[in-house]
Amino acid sequence: MRILTLCLALLATPALAAEPAHVAFGAASTPAPGKAQVFGSYAKGCHAGAVLFPADGPTWAAMRLSRDRRWAQPELADFLVRLSNRARDAGLTGLLIGDMGQVRGGPMKSGHRSHQTGLDVDIWLRPLTTRPDAGERETLSSYDVVRGRTTLDTALWQKSSARAIPLAAADPAVARIFVHPVIKRALCRATETTPRPWMNKIRPWWGHDAHFHVRLACPSGSPDCENQKPPPEGDGCGRELDWWFTDGPYSGGSTPRRDLTLADLPEACRALVSGN
Ligand SMILES: [Zn+2]
């Protein structure tokens, strides 16, 4: 019997290793036990001890609840409460919160390449005005503030949650924020005359025209979490930004890449889903 089990395990291993990792991570239904901890990198990683970010709070509402992507490291949940409070102080009613990650993180079957470690979140540019009901949380769309490739819809921009972006960037827990190049340009212009030491954290990237994507740095209690290199120094408002409007490769969506398999992920991540 033991030999049979061993043979089956040997047979199963290559197939399992070749299967897209989103299958195993998508099947997980409970947080990995143990203390809150991140393993690996934002686009090849996983996490233990995730918390479910509440669908409602005084200064936020979470959207697309059916996707079950409200799982976060405690640091991210704390950050969102903090940021939405500051946004309220800055005159917004509140924030609409989009995807965080899966219950054990890892690759997803659709939508994001990163968001694998409970440290990434998409925040809508449409602010919270009236609290959405269950149906609206699935159907309401955000504000796409970019027209064509290079034009800001200024009317929509004024009504948007954009003022929360500098507040997020100034937060010491934040490593990077991804926004459409048009949005970075608008923020650069709006803050030209004030000190903005956080501006290099705001990174231009196509596709982020209706939300901004906030990425926290690795929490201190996660020695196996891999930070990215810090963003280049300087505000990134000059030539680096111009590049996006001249030579920057235009991509309307994400380029297809092969699915990650469990073999692509850190050993600790394979261990988190080995029992599924
Ligand atoms: Zn994102």
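How many of the six residues of strand β11 (residues 174-179) are buried? Six of the six are, so to speak, under cover. Here is a tour of the chain around that strand.

## What you are looking at

This is a predicted model, in which local features need pLDDT of at least 70, side-chain atom pairs count only at pLDDT 80 or more, and totals for chains, interfaces and linings use all residues. Residues are numbered from 1 along each chain as its sequence is written, and side-chain values use heavy atoms, with hydrogens and water left out.

The chain holds nine helices and 13 strands. Helices (H or I, at least four residues) and strands (E, at least two) are DSSP runs, numbered from the N terminus. Of the 276 residues in the chain, 49% are buried. Buried means under 20% relative accessible area, exposed means over 50%, and partly exposed is in between (1.4 Å probe, protein chains only).

Among contacts between residues at least 6 apart in sequence, 77% join residues at least 24 apart. A contact here means heavy atoms within 4.5 Å.

## Strand β11 and its partners

Back to β11, which is mostly covered. Four bridges join β11 to β13, and those two run antiparallel. Three bridges join β11 to strand β12 (residues 202-204), and this pair runs parallel. Two strands pair if DSSP finds at least two bridges between them. On the β13 side, R176 stands opposite R215; on the β12 side, I177 stands opposite I202.

I177 sits in β11 and is buried, with a relative accessible area of 0%. Leaving aside residues up to four places away in sequence, I177 touches I165, A168, A169, K201, I202, R203, F212, H213 and V214. I177 and M199 are 22 residues apart in sequence, and their C-alpha atoms are 9.6 Å apart in space.

## The zinc site

The zinc ion is coordinated by H115 (NE2), D122 (OD) and H213 (ND1), at 2.1 to 2.3 Å. Donors are N, O and S atoms within 2.8 Å of the metal (3.2 Å for Na, K and Ca); water is not among the atoms, so sites may look incomplete. Along the sequence, the donor residues are spaced H-x6-D-x90-H. H115 lies in the loop between β7 (95-97) and β8 (120-127), while H213 is in strand β13 (residues 211-216), so the pair ties together parts that are 98 residues apart in sequence.

Both H115 and H213 are buried; for H115 the relative accessibility is 1%. H115 also has a positive phi, near 60°, in a residue other than glycine. Most residues other than glycine have a negative phi. T117 is in the loop between β7 and β8 and counts as buried at 1% relative accessibility. Not counting residues up to four places away in sequence, T117 touches V38, F39, S41, Y42, G45, C46, H47 and Q73.

Helix α3 (residues 74-89) has 16 residues, which should span 22 Å at 1.5 Å a residue; its end C-alpha atoms are 23 Å apart, which agrees. The expected span is 1.5 Å times one less than the number of residues. In α3, L76, A77, F79, L80, L83, S84 and A87 are buried. They cover an arc of only 155° around the axis, which puts them on the same side of α3. That arc is taken from the directions from the helix axis to the C-beta atoms. An α-helix has 3.6 residues a turn, so residues three or four places apart point the same way. After α3 comes G91, with a positive phi near 110°.

Helix α7 (residues 181-190) has seven of its 10 residues buried, so it is largely enclosed by the rest of the structure. The buried ones in α7 are P181, V182, I183, K184, A186, L187 and C188.

## One more positive phi

R64 is in the loop between β5 (60-62) and β6 (71-72). Its phi is near 50°, a positive value in a residue other than glycine. R64 is buried, with a relative accessible area of 19%.
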